[in-house]
Amino acid sequence: MTAVFEDKVIVTTEKTKYETKITKGKHQWVADEPADKEGTDLGPMPTELLASALGACTSITVRMYADKKGYALDSISVQVTIDKRTPEDHKFIREVELKGNLKPEERDRLYTVANACPVHKILSGKIEIETVLMP
């Protein structure tokens with residue numbers, strides 16, 4: 001099986017407490033920790049970025065499918081919560097709201113499509129993390 005690599009995301013934390021600059025091509029955003037965790041609260045926490053990735057991927061995937069099929073979907077709202085049961089056991093709770101004049105079978109199909117978004121597949125599959133300390 002051939003490895004497929006996405007383009008790299010560059011993440012940098014300097015002497016600005018926990019403010020972390022994230023860059024991908026021409027896009028830039030920030031992660032941080034809240035003030036009660038000694039951060040400067042300039043952006044979402046890393047776990048919130050993870051939850052937002054699942055929500056955004058779900059919303060985009062459902063929108064693409066609905067557009068392709070011509071469904072009367074006006075909007076999608078996705079709320080994602082991470083239930084941290086133990087340090088090793090987590091559950092994502094994803095609430096999807098579909099607005100529009102959808103038939104019951106279209107709603108059912110969009111539910112299936114939501115569960116097939118790429119981030120859902122990554123988080124549901126086997127995950128390995130390889131750390132390489134650069135010289």
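Contact here means heavy atoms within 4.5 Å. The model is a predicted one, in which local features need pLDDT of at least 70 and side-chain atom pairs count only at pLDDT 80 or more, while totals for chains, interfaces and linings use all residues. Residues are numbered from 1 along each chain as its sequence is written, and side-chain values use heavy atoms, with hydrogens and water left out.

Stop 1: Select Val 62. Leaving aside neighbours within four places in sequence, Val 62 touches Leu 73, Ile 76, Leu 98, Leu 110, Val 113 and Ala 114. Buried means under 20% relative accessible area, exposed over 50%, and partly exposed in between (1.4 Å probe, protein chains only). Helices (H or I, at least four residues) and strands (E, at least two) are DSSP runs, numbered from the N terminus.

**Stop 2: Thr 61.** Step back to Thr 61, also in helix α1. Is Thr 61 buried or exposed? Its relative accessible area is 17%, so Thr 61 counts as buried.

Stop 3: On a 1 Å grid over the protein atoms alone, a pocket is an open set of points with protein on both sides within 12 Å along at least five of seven lines; a cavity is a set where a 1.4 Å probe fits but cannot get out, and lining residues have an atom within 4 Å of a point. β5 (89-100) and α2 each give two or more lining residues, and α2 supplies the largest share, four.

Stop 4: Strands β2 (residues 20-24) and β3 (residues 27-31) run antiparallel, joined by five bridges; two strands pair if DSSP finds at least two bridges between them. Thr 20 has Ala 31 as its bridge partner in β3. Two residues lie between the strands, and Gly 25 takes a positive phi near 60°.

**Stop 5: the largest cavity.** Finish with Thr 12, Thr 13, Glu 14, Thr 16, Glu 19 and Lys 21, which line the largest cavity.
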